[in-house]
Amino acid sequence: MTDRALSVVRAGALTTVQDLGRPGHAHLGVPRSGALDGPAAALVNRLVGNGPEAAVLETTVNGCAVRPRSTVTVAVGGAPCRVTVDGRPVAWSAPVRVPAGALLDVGAALSGVRSYVAVSGGITVEPVLGSRSTDLLSGLGPPPLADGTVLPLGRSTQLHACVDVAPQPAPPAELVLRVTPGPRDDWFTAAAVHAFTSRAYRVSPASNRIGLRTEGPALERATTRELPSEGVVLGAVQVPPDGRPVVFLADHPTTGGYPVIAVVRASDLPAAAQAVPGTPIRFVAVRRR
Amino acid sequence: MRALPVGDDALLVEVASGEEAQALHAELLRRRTEGSLSVREIVPAARTVLLDGLADPARLASELTTADVPPAPPRAREVVELPVRYDGPDLADVAAHWGVSPHEVVRIHADTEFSVAFCGFAPGFGYLTGLPPRYDVPRRATPRTAVPAGAVALAGPYTGVYPRSSPGGWQLIGTTDTVLWDHTRAPAALLSPGTRVRFVPVGSS
């Protein structure tokens, strides 16, 4: 193993390698995957001088700790958290030098769900279908980090950004998701379509990289027909038999057999990735662009 | 044909039958190859084709609903042959549904030329059509928690082969040793929409 590597000391609840994902293979049943909070991943990459395609770490709730074998520049963003190097506090959302062998600890999220850790040179595990992302639905890409995992790093070619701290949006206290109706809104009663955009929902703790699950009024179908499987998009709001809407996130299945009542605007999905269980959700109907 | 808008940049085109969906899929692939259609994903399914990543979905929608879609062209591709041991635990149940002997199930299934209508469920899992509607079978009342990789299975109008071990509710009629999905291979998926498939019975030892 080269000295351009990262040893995982504390993997955390669920830490995965993520990049821009592998779109373009949905017709083979391959989910797109990729960082759930794309803007946060792009920003930390920019802070350390990586291109937008470099792979980063995505943590869940309680961070992670890693030890680089060579001196690197790192940046931690997304969900705000305490960051330390060998126990000393360092800046969040800023480029930080981590000497070879030092311990970088990314603390538990103070708010939000997922922190992103970029390392100069990027994480260079073997790509699968053009992406290094871990896909938790189909098992493509590297497995989630475990204590003791060693991840190879690329060579950094760019200087890191010269900033003290880069501003990042705060995780949402209320998640407002703009939706365009359909394609299967006609499968629901008028009362259900109205309830969907007027009643209060909350983020369910059963949410994951596949979908943001919700708690709230069950949406009643106008028909008991069975929907033949059809292709679904990122942000689709699928309504399973229990009537609670599920917003499809990056690891969503490529086809589904439950009706999609609406589609969330893509620019609202990064906030969904940072909404903790219990966060109030409002679905707001907007006109198609 | 109906083109339903999906979000801001996708279209779900709905047609009347699986055959029409396959013909539309072939036509859309042809347009993408010739450069007249720019789209990120073309995802065929049972009665629909999803187009995701369109610059102007409304324009394509109005154009498609008045377009003449030629029937799917006779496929130039070779037939993929999958050697199968017809030893599945649900072979007798399928025979009972079809009202024939297990031996007849094997003969009918192996005499059918299938084609991959669409993929989904898992990378490389194809939904194969070709059997007449009278051979539709229900899913098992209780799904299995683990179906082995290579299991050849039936549900509704479809035949499928599990690319890897997973939970599943389909009726298992046999097993193949052919690797359906290998991401280190190009192409990774042995079966993709439009691929023609034949199952070739082999001895069980």
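Which residue in the turn of the hairpin formed by strand 6 and strand 7 of chain B has a positive phi? The legends below, drawn from a predicted model, begin with that view.

**View 1. The hairpin of strand 6 and strand 7 in chain B.** In the turn, F121(B) has a positive phi of about 70 degrees. The hairpin leaves 6 residues between its two strands. Strand 6 (residues 114-119) and strand 7 (residues 126-129) of chain B are antiparallel and share 4 bridges. Within this pairing, V116(B) is placed opposite L128(B) of strand 7 of chain B.

**View 2. The open sheet of 4 strands in chain B.** The strands follow the order 1-2-4-3 and pair in the antiparallel sense. Strand 1 (2-6) and strand 3 (41-44) of chain B form the edges, each pairing on one side only. From one strand to the next, the twist averages 20 degrees. Strand 2 (residues 10-14) and strand 4 (residues 48-52) of chain B are joined by 5 bridges, and V13(B) faces V49(B) in strand 4 of chain B.

**View 3. Helices packed on the sheet of chain B.** Helix 2 (residues 57-64) of chain B touches strand 1 and strand 2 of chain B, and its direction makes about 20 degrees with that of strand 2.

**View 4. The contact between chain A and chain B.** Chain A contributes 27 residues and chain B contributes 30 residues. On the side of chain A that touches chain B, 12 residues are nonpolar, 11 polar and 4 charged.

Technical notes
Residues numbered from 1 in each chain as written. Chains lettered and ligands numbered in written order. Predicted model: local features only at pLDDT ≥ 70, side-chain atom pairs only at ≥ 80, totals over all residues. Contact = placed C-beta atoms within 7 Å. Nonpolar A, V, L, I, M, F, W, Y, C, P; charged D, E, K, R; others polar. Pairing = 2+ DSSP bridges. Axes fitted to C-alpha atoms, helices over the stretch in contact; angles between N-to-C directions.
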